[in-house]
Amino acid sequence: MLALIALQVGIAAGLLAVTPEPSGSALTATPRDSAWPDPSPHRVRYVAVTRSVKLEVLDWGGSGPPLVFLAGGGNTAHVYDNFATRFTRRFHVFGITRRGFGKSSHPETGYDTTTLARDIVAVLDSLGLKQASLVAHSFGGSELNYLGAHYPRRVDRLVYLDSGMDTYAIFRSPEWKSGVLRAPQPPTPAYDDDVGSAWSWTLWADRLSGPGYPEAEVRATLKFDANDRFVGTTSVDAWLEKLDQAAEPVDLKRIRAPVLALYAIVDSPEAMLPYWDTLDSTSRARGRKMFEALVQLHTRLRADFSERVKRARVVRIHGARHYIFLTHPGEVTHAMLEFLSGA
């Protein structure tokens, strides 16, 4: 979950820990993605949640009750481009990109849990959805927590993709504050094209996060110039600090909707970091410390979540990684369909 966010900052939010942003006017270059055809069969709309903030909303269509996907920190709704279509035969599927990311508005404020949840409710209102089932990955679990506790009439069922934890407790944990959860980064690969193209970044994300990482997500979170060269990110400045500092506690005992919590169970640092063989001895030692701290944090917070959320059904998938819907899409899909159908 967010415990891997330090790594995901590099993977999903611009790979800043791997490649520094170039300086100068290149950061203002016009992205090329307007000429790149997104293959995912969604419609894109922009919903005004306040007078000055609009959110990107993806509509994959489908028939049946509404199912809304919320992305993790640093991601946009496009991260579900290859996964959301698995559900269109049973549901009308949507995805929301939160403020500060991708093509949604980038205000300097409004990253507290209350405002982020209200943004989602405003989107539901705009879509005419009185109630919906919601699915969230990573940091999106904080929004599910708040919606379940404070907007019980707006939620039908809640699905947590490696996100069933108290997000506020993660940010306040000694493991997070100590910095031990920051993963060692892999070296630059030999196949890198030296220009930071969308192709090379997609291969990186595919390796680090999981197979099938959408190129549309890479293009939504990164900027590329007219020559398809990487020039920066599309995320609001200091987004991780904004989410950290503005996180609010939520009383999880107030969640009454049926809950499915899917957890990725990683049994070793080698499995957690798929580039383990490329690391030197110092980086491996750091990776082992991170893994041990992460297991302790996850064990504690997952048990707390199950204790406080009485209607939670827990599914543990061994061998999965944080982007559980990419590494194990089949198991996740079946578990979700069984749960969402009321079985």
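This is a predicted model: local features need pLDDT of at least 70, side-chain atom pairs count only at pLDDT 80 or more; totals for chains, interfaces and linings use all residues.

User: Are the two partners, Arg219 and Glu215, buried or exposed, or partly exposed?

Analyst: The general idea is to compare each residue's relative accessible area with two cut-offs, since under 20% is buried, over 50% is exposed, and anything in between is partly exposed. Arg219 has 8% relative accessibility and therefore counts as buried, while Glu215, at 26%, counts as partly exposed.

User: Which elements does the salt bridge between Arg43 and Asp59 link?

Analyst: The side chains of Arg43 and Asp59 meet in a salt bridge with an N to O distance of 2.9 Å, and this pair links distant parts of the chain, with Arg43 in strand β1 (residues 43-48) and Asp59 in strand β2 (residues 54-61), 16 residues apart. As for accessibility, Arg43 counts as exposed because its value is 54%, whereas Asp59, at 3%, counts as buried. The pair also belongs to a network of salt bridges in which Arg43, Arg45 and Asp59 are linked.

User: How many residues apart are Asp244 and Arg172?

Analyst: The side chains of Asp244 and Arg172 meet in a salt bridge at 3.3 Å, N to O, and the two residues are 72 residues apart, with Asp244 in helix α8 (residues 239-246) and Arg172 in the loop between α4 (167-171) and α5 (174-178). Asp244 is buried, having a relative accessible area of 19%, and Arg172 counts as partly exposed at 28%.

User: How many salt bridges does a search of the whole structure find, and what does the rest of the chain look like?

Analyst: The search finds 14 salt bridges, in a protein chain whose secondary structure comes to 12 helices and 10 strands. Of the 343 residues in the chain, 59% are buried, and among contacts with a separation of 6 or more, 75% are between residues 24 or more positions apart. The accessible surface of the chain comes to about 14,100 Å², and carbon and sulfur atoms account for 49% of that area.

Conventions. Residues are numbered from 1 along each chain as its sequence is written. Side-chain values use heavy atoms; hydrogens and water are left out. A salt bridge is a side-chain nitrogen of Lys or Arg within 4 Å of a carboxyl oxygen of Asp or Glu. Helices (H or I, at least four residues) and strands (E, at least two) are DSSP runs, numbered from the N terminus. Buried means under 20% relative accessible area, exposed over 50%, partly exposed in between (1.4 Å probe, protein chains only). Contact means heavy atoms within 4.5 Å. Accessible areas come from the Shrake-Rupley method with a 1.4 Å probe; for residues, only the protein chains shown count as cover.
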